[in-house]
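Open the model in your viewer and keep the selection panel at hand.

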Amino acid sequence: MLTLDYFLKSGLLPWFTVLSGETRLTERPIEYISVIELPVGDFVRKNELVLSTALGCENDEAAMLELITGIHQAEACALLLATPANTTELPSSCLEYIHSHQFPVIIIPWECRFADVIEAVLKQIRADTLHEITFLESIHKKLLTAYLENMPIDTLAQIIANELTCDCAIYDVNLALKGASKAIKSKKKKSAEVVHTKNLYKIKNNERLYGYIEFEPNNAITINHALIDRYLIAALILWFDKEWIIQSTKQNAKDDFVWKLAKGSTESPDELIKTGEILGFNLLYSYTCIVGKIHVKNSASEKERNKWIISNIGSLKEEILFIASEMHKQVMLTYQQEQLIIYLENQTAYSDQQINKFLDKVEKKFQAVFPNITLSWGISESNNDPTNYHECYMHARLAQGLCPQKITQNIRYTYEDTILFKMLSVLAIDQDIMKSSFRIIQPIIEYDNKNQTNLLTTLKVYLKSKNMSETARILHLHRQSLLYRINKVEELTSLSLKDANNLFLLEICVRLHINFNDLK
């Protein structure tokens, strides 16, 4: 690829003065060339060599700084500046800017015709592009041969490394190492080291992201990005597609098995354990069942919603499996009858906390990758006994059924909630009880409305955790602020939260208000 250093040494310019960025000339590729004056706007492309006469900026320091800043921020290769006086000086603010950012600004003769420069540069770019295409086509053929011979992805990485005389690593979408040339593999690079690497290219086709390819050292690759996509990335996509088909076939078998567990298999426990082992599941562990429903925001119809889910369910499941792996938990999952069914391993006595931590991570990841969806979850009971998979599924499904049909934020219900819901339903039928319970919390509601406070929300969180420190953490409150709110609740209701009976009564009233307010 044509570099700034090569261009300056070509002899095209009778003389030039480099004002800044002298040490970076060899690593500045030239992919395009143009003539730009103010305003810069969006007219400059990345790696573009910009020619300018700084028209209107000669005696205006602010305008000159605007011109240089705009070209630099567009990630241009360099600025070649020609002024009538052939001055080699710039205002102090401009010099400070270009030196601090190591952005190459080069003074060239006023007599130099821009048309000649553009013609010469374009001719060299075309020649380099043809050379790169021929070179990359040969690599592409080798990669296709390796693919057809069913070689592992390490072999593909090594071919690329050998041909480009650099090290190469290939990662999946979560930046987990899939394959690498020998030098990188020996380093056992961790994903955290990769995120800010300069030469990290997306392995992407249309809207689907497969992973990334990284080159070392950072200045190893000067080939046009579009050519890398066409010849190197395209070959790697074939390998990712093949792996996806293999994994998809395996996952279908796993899906069927998990669905069989949920429906209630007639096979003996020993047969199920053996089948599970073949598929990579350990049925000797204890599991909690989680049933989730995916809500797609702004979907015009159920058909449109289902179309989106079918297109993305594979990626959703991959993210869930990755999170479970990160937490060192066994997981079994499937998507059946518009339900995401997850069996998550119970490892500790704090399984409820672990389940919520797991779902927190899933929701956070989904929010980042799929911001157009929300989820409603139903969670079965947790215990360390051998799992009755069908019963756990039915309990989780029953809990999920408590969730509203339309939601704007993620929501969870547990099987314990369903038992309590039934009990509260009986109380809610009695109008006297509903009126009495509302009278107890009415002062809180009126106080909140009048003073724009959140006493009722504070009470709901406290009743759920029964712990001052945990409540303060969840609400991001100082302990003293929380104590003030709790004291205010006690004052308004004439009930003490330190008294077990008062606390129980308040919880019943709040739950009736939340779930059956429309029956009041």
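Which strand holds serine 34? Select residues 32–35: this is strand 2, and serine 34 lies in it. Helices (H or I, at least four residues) and strands (E, at least two) are DSSP runs, numbered from the N terminus. This is a predicted model, where local features need pLDDT of at least 70, side-chain atom pairs count only at pLDDT 80 or more, and totals for chains, interfaces and linings use all residues. Residues are numbered from 1 along each chain as its sequence is written, and side-chain values use heavy atoms, with hydrogens and water left out.

**Around serine 34**

Is serine 34 buried or exposed? Its relative accessibility is 14%, so serine 34 counts as buried. Buried means under 20% relative accessible area, exposed over 50%, partly exposed in between (1.4 Å probe, protein chains only). Show its contacts (heavy atoms within 4.5 Å). Beyond neighbours within four places in sequence, serine 34 touches Glu48, Leu49, Val50 and Leu51. Now display side chains: those of serine 34 and glutamate 48 make a polar contact at 3.2 Å. Such a contact is a pair of N or O atoms within 3.5 Å; within protein, one must be able to donate a hydrogen and the other to accept it, and residues adjacent in sequence count only if both atoms are side-chain atoms.

**Backbone stops**

Most residues other than glycine have a negative phi, and most peptide bonds are trans. Select leucine 38 and proline 39: a cis peptide bond joins them, with omega about -5 degrees. Proline 39 sits in the loop between strand 2 and strand 3 (48–52).

Next, go to alanine 54, in the loop between strand 3 and helix 2 (61–73). Alanine 54 has a positive phi of about 55 degrees although it is not a glycine. With 1% relative accessibility, alanine 54 counts as buried.

Then take glutamate 75, in the loop between helix 2 and strand 4 (78–81). Here too phi is positive, about 65 degrees. Glutamate 75 counts as partly exposed, at 46% relative accessibility.

**Aromatic pairs**

How many aromatic pairs does a search of the whole structure find? It finds nine. Select tryptophan 259 and tyrosine 393: the ring centres are 6.0 Å apart and the planes at 85 degrees, so this pair is edge-to-face. Rings of Phe, Tyr and Trp (its six-membered ring) pair if their centres lie within 6.5 Å; planes under 30 degrees apart count as stacked, over 60 as edge-to-face and the rest as tilted. Tryptophan 259 is in helix 7 (residues 225–263) and tyrosine 393 in helix 11 (residues 389–400), 134 residues apart. Both tryptophan 259 and tyrosine 393 are buried.

Stay at helix 11 for tyrosine 389, whose partner is tyrosine 343 in strand 12 (residues 339–345).

**Last stop: helix 14**

Select residues 455–465, which form helix 14. Buried residues here are Leu455, Leu456, Thr458, Leu459, Val461, Tyr462 and Leu463. Lysine 466 follows helix 14, and its phi is positive, near 55 degrees.

Terms used
Axes are lines fitted to C-alpha atoms, for helices over the stretch in contact, and angles run from 0 to 180 degrees between N-to-C directions.
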